[in-house]
Amino acid sequence: MRTLERAAVGLVGLALIVILTGSLLLALWAQNAVGEREAWVTHTYQVIDKIAGVRGAITDAETSARGFILNRDERMLAVVDESGRTLDRLSSELIALVADNPLQVDNARRLAGLAEQRRAILMDTLARFRADGAMPTARGIPVMGQIRALSETMREAELALLAERTAAADLARTESLRIFIGAGGAMLLVLAGAFSLLKREAKRREQAEATVHASERLMSIVFDTVQVGIALTGPDGKLRRTNASFNTLVGQDQAALIGTRPAFFDQFAEAGLSRRLTIERPDGTTRAVLAVASGIVDETGGAARLKTIADVTDLDHAQAELAASHQRLAAINDSVLDGIITINPSGSIESFNRAAETVFGYPAAAVMRRNVRMLMPEPFASAHDGYLERYQATGHSAILGTVREVEGLRADGSIFPMEIALTETMLRGQRLFVAAVRDITEKRALERVKNEFVSTVSHELRTPLTSISGALALMAKGTAGALPEKALSLVAIARSNCDRLVRLINDILDLERIEAGELVFEFSSVPIRRLVERAIGENLDFAAKFQVTLAHEGEPLDAEVWGDEHRLLQVLTNLISNAVKFSPAGGAVSVSTSRADGTLHLAVSDRGRGIPDAFKPRIFQKFAQADATDSRQKGGTGLGLSIVKSIVERHGGRIGFESEWGVGSTFHVDLPEKRGRLTDTPTPEHGEKRVLICEDDDDVAHILRLQLADAGYQSIRAATADETMRLLDAGRFDAMTLDLALPDGDGIDMLRRIRADQRHAAMPVIVISAWLDEKVEDPMLTGQVLGVVDWIGKPIEGDRLHLALDLARRRVGKPRVLHVEDDPDIVRLVEYALRDEADVIAASSLAEARRRLIGGDIDLVILDVGLVDGNGLALLDDVKNVKGMRSPPTVLFSAQEIGPDRRDELVAVLIKSQSTIDQLAAVIRDHLDLRPPKS
C-alpha cells in the first residue's frame, strides 16, 4: 500500500477512535447526569410516600383503638402497638430522607412530635378505658388537624420539588439525546469523507477495480432500496445521481433529473441545513418533506452535496388530525352543560372544563393541581379522602358508576346541592377519575314547587271533593228529601264523575309518593286466600254494573306473602277493574292462584278485546291509554298499571301479561312466598326449655308450673335449698324462679353459691317473694350483682312472669344474626336497629362469612349480592350445610335484583332502594319470633 493510502487510512482510523472515544465519554457524562436527576425524582417520591406512611400509621392506630373500645378485642391493642413502632420508624426515615432540605427537616421533626403527641393521647385514652371504662374524649382532634395540615404542607412542598426535578431530568435526557445524535452525525460525515477518499484512491489502482465495482454495487443496492430520497450533486449543484425514493417523491424519473438543478435545492443549499419543505410535482400534487443537506468531497476534490428528503406528508396529516381531534374533544368538553373534572388518585385536579368553572366560580388555572376537596364543604370533603383511600386499599368502591347527591362549595363560599357521577379511566398507564357534576339548585327548587303543588292538590281538591261526594251521597239517599227521577239521574252522574276525579287525584298522589320513595308500606304476613277473597268480594258490585261475572278459578291456595295487604289489594282491585271494564256484557273475569319454586302466582284473566301489539311496550308507562277514547268510555287515568308495577316491585315481585287481540288478556303477578319462621320448626324433646322452680309453697309452685307450661317451658320444682342445689348439680336449666324464704336457708345466700359455680354463673334468675317491701331496695337484687332478671311479688302476675321469662331468654341466648355486607354504614344501622334483640355478627366478604358459618351457631343470615370477593348468592350453598337439616333462614337485603331461580332459598327479598332498615328489622323479628323493642 502506498504511503498516501496508509496516511489516509491512519487518519480515518484516528478520527474514528477520537469520535468514538469522545462519544462514549459524552454518553457516560450525559447518562450520569440523567441518573443523578432521576435519583432526585425517586428521592422525592420516597419522601411523599413516607409522609403518607406516617399519616397512615396514625390512622391505623386510631382505627385499631376504636375497634378495641367498641369490641374489646385485645388483638386490636397489638395493632396499636405495631402502628406505634411503624410510626417511630417512618418518622426517623422521613427525617433522614429530607436531610438535604432544612425547612423539611424542621417540618418532619414537628410532624414526628405531633404524631408522638397523638399517640400519647391515644395510649392515655386506652389506659383510662381499660381502667374504668371511660369513653374517648375529643383531645386528639386538634392534634390530628395539625398533623393533616402539616403533612399536606410537606406533601405540597415535595410535589413542587418533584415538578422541578422531573423537568431537570427531562432536560438531561433531551441533552443526552442531542449528544448521541450529534455524535452519530459526526460519524456519518467522517464515513462519507472516508468513502470519498477510498473511492478516489481505488480508481487510481486498476488492480482493485473489481473490489470497487463490488462496493459500488452494494452501495447502489442500499442507495436504491432505502425509503428516504437521496440525491448526489456536483460542485455546480446539478444532480449526478438519485435513488428510486427520490424520484418517486419529486414525481420524475432519473433520466429527466440527471444534470438538472431542482429549484427547491436552494432552500437547503448549505451543508448541515435541514428544512421542512413542500415539493410540487409535475402532475400538480404536492408532498411535505423533511430535507437535509450534507457536504462531501467528490473524486476530483470538489465540493459536492448529499441531499436527503424524507416524506412526512402522512405524519403531518396524522398530526393535523390529532390536533383536530383534541380541538373537538376540547370543544365538546367545554360545550357540555355539566361540569367535568378529572382527578388523579391522590385527589389532585387534572382538568376543569368551562361548565365546571361556571358551577364553582373558579377559573381552571386556580384549581389545577389542587385537591378536589376544596370544591366540597364538610363532611363531604373528608368523606372524599376516605373514598379514595378505601378504593386504593381494597380496589372496591361503592360510589364508582353511581349518581349521588352531595353539596358543593363555590369560590364565594356559598354551598349548593349537586349531583356527581364518578367513573374511572386509564390514560397513558395512569389511573384517572372523571367526575361529572351538575348543579341541581333549580331542580331542588322545582321539586319544592312540585311538592307544594301536590300538597295543594291533596288539601285544596280532596277536601272539597270529599264534601261534594258526601253531599251527593246524602242527596241520593233522600236525606234532604225525595228527589225527582230526573234529579236522581243527575246526582248519579255527578257522583260517578266525582269518584273518577277522586281516583285521578289519588293515583297522581300515589305516583308522586312512589317516585319520591315516600309511599308508606306496612309489611306483615298476608294470607293469599284472604287477599283474593277480599278483592273478589269488594269488586262484585262493580262487575255486576258491567254485567260481568267475577269468580275464583281453581282451589284456594293456603300460602302467605310478606307484604302490605292494603297495597296488594290495590293491585288486585286495579287488575280486576281493568278486566271488567274491557270485558263484553255477559263476559267472565277469573282470578287464579298457584305456587311454584317458592313463588306465588296470581293471575287475572278476561275474554275481552285484548291489547293491541303496538300498545304492549307502553302498557306500564304513566298515562298510557291504548285508545284515546278509553278514558271517556271506560273511565280511568292511565296511571293504574304504572302504580301496580311499582307496588309489585316494592314487594320483590314481578308483573307481566299475555294478550291476543280479539281473544282476551291475562295479567299475572309473581310474589315470593313467605317462608316459615325459625321457631316453626319443632324443637326436639331433649332441647326443650327447662326452668327450675325453687318454692316451698305447694299452691304457689302449682300456679308457677301452669304459667310456665303456658309459656312453653318445662318446669321442675324444688321445695328446699338443699334440693335446689342437688338438682342444679344434676342438670342444666335455662332459667330459675327463686323464693327467698326457704325452710332450710336464705335465698340470697343460696344465690351467691349458685353464682360461684361457673356452670350456672350466667343462668337467669327471677325472684318471686312476698318480701317485696323489704327487699325491693336491696341493690343485690335490683342491680346486676347477682344477675336477677326481675322481682315479682306474690300473688304472681302471669303477664309479668311471661315478660321476665322473655327477657331472661334474650339475656341468655340472643339470636345470632350474620350480616354479610361490605358497607360499614349499613352494618352499623342494622346493629342499632336490632341492638336489644339479637347479636349481629358482620362479615364484609364471602371468605369471612364462610368462617363465621363454620361454628354453626348462626340463627339467621342477612345477605348482600355485591361483595368485594364475589356474588353473595354463592353463600347460599354454605348456609344449607349449617346445622344439618335446620339451616338458618336467609334474608336478601341488596341493591341488586335477582332472578327467580334462587328466590325459593330465601325467606324474604328486600331491595335497598325500596326498603328501609325498619322494614328489614321487622322481617328479622318475624322470622326469629322476636318482640319489637318498646318505644
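Guide: Rings of Phe, Tyr and Trp (for Trp, the six-membered ring) pair if their centres lie within 6.5 Å; planes under 30 degrees apart count as stacked, over 60 as edge-to-face and the rest as tilted. Phe-246, Phe-264 and Phe-265 form one aromatic cluster. This is a predicted model, in which local features need pLDDT of at least 70 and side-chain atom pairs count only at pLDDT 80 or more, while totals for chains, interfaces and linings use all residues. Residues are numbered from 1 along each chain as its sequence is written, and side-chain values use heavy atoms, with hydrogens and water left out.

Visitor: How many aromatic pairs are there, and what makes the pair of Phe-246 and Phe-265 edge-to-face?

Guide: The count is six aromatic pairs. For Phe-246 and Phe-265 the centres are 6.2 Å apart, within 6.5 Å, and the planes make 65 degrees, over 60, so the pair is edge-to-face.

Visitor: Why is this pair said to tie parts together?

Guide: Phe-246 belongs to helix α6 (residues 244-250) and Phe-265 to the loop between α7 (254-257) and β3 (274-280), so the pair links parts 19 residues apart in sequence. Helices (H or I, at least four residues) and strands (E, at least two) are DSSP runs, numbered from the N terminus.

Visitor: How do you know whether Phe-352 is buried or exposed?

Guide: Buried means under 20% relative accessible area, exposed over 50%, and partly exposed in between (1.4 Å probe, protein chains only). Phe-352 has 8%, and therefore is buried; Phe-360, at 1%, is buried as well.

Visitor: What makes the charged end of Lys-307 sit over the ring of Phe-265?

Guide: The rule requires NZ of Lys or CZ of Arg within 6 Å of the ring centre and within 35 degrees of the ring normal. The charged end of Lys-307 is 5.1 Å from the ring centre of Phe-265 and sits over that ring. The charged end of Arg-410 likewise sits over the ring of Phe-416, at 4.0 Å from its centre.

Visitor: What is called the largest nonpolar core, and which residues have the most contacts inside it?

Guide: A nonpolar core is a set of buried Ala, Val, Leu, Ile, Met, Phe, Trp, Tyr and Cys residues joined through side-chain atoms within 4.5 Å. The largest has 38 residues, with the most contacts inside it made by Leu-531, Leu-575 and Val-604. Elements giving two or more residues include α14 (528-545), α15 (565-581) and β15 (599-605). Of these elements, α15 gives the most, eight residues. Another core lies apart from this one, with 23 residues, among them Ile-341 and Val-367.

Visitor: Why does Leu-805 count as buried?

Guide: Its relative accessibility is 3%, which is under the limit, so Leu-805 counts as buried. Leu-805 lies in helix α23 (residues 798-812). Beyond its neighbours within four places in sequence, Leu-805 is in contact (heavy atoms within 4.5 Å) with residues including Val-691, Tyr-713 and Ile-766.

Visitor: What joins the side chains of Arg-287 and Asp-311?

Guide: A polar contact is a pair of N or O atoms within 3.5 Å; within protein, one must be able to donate a hydrogen and the other to accept it, and residues adjacent in sequence count only if both atoms are side-chain atoms. The side chains of Arg-287 and Asp-311 are joined at 2.8 Å by such a contact. Arg-287 lies in strand β4 (residues 286-297).
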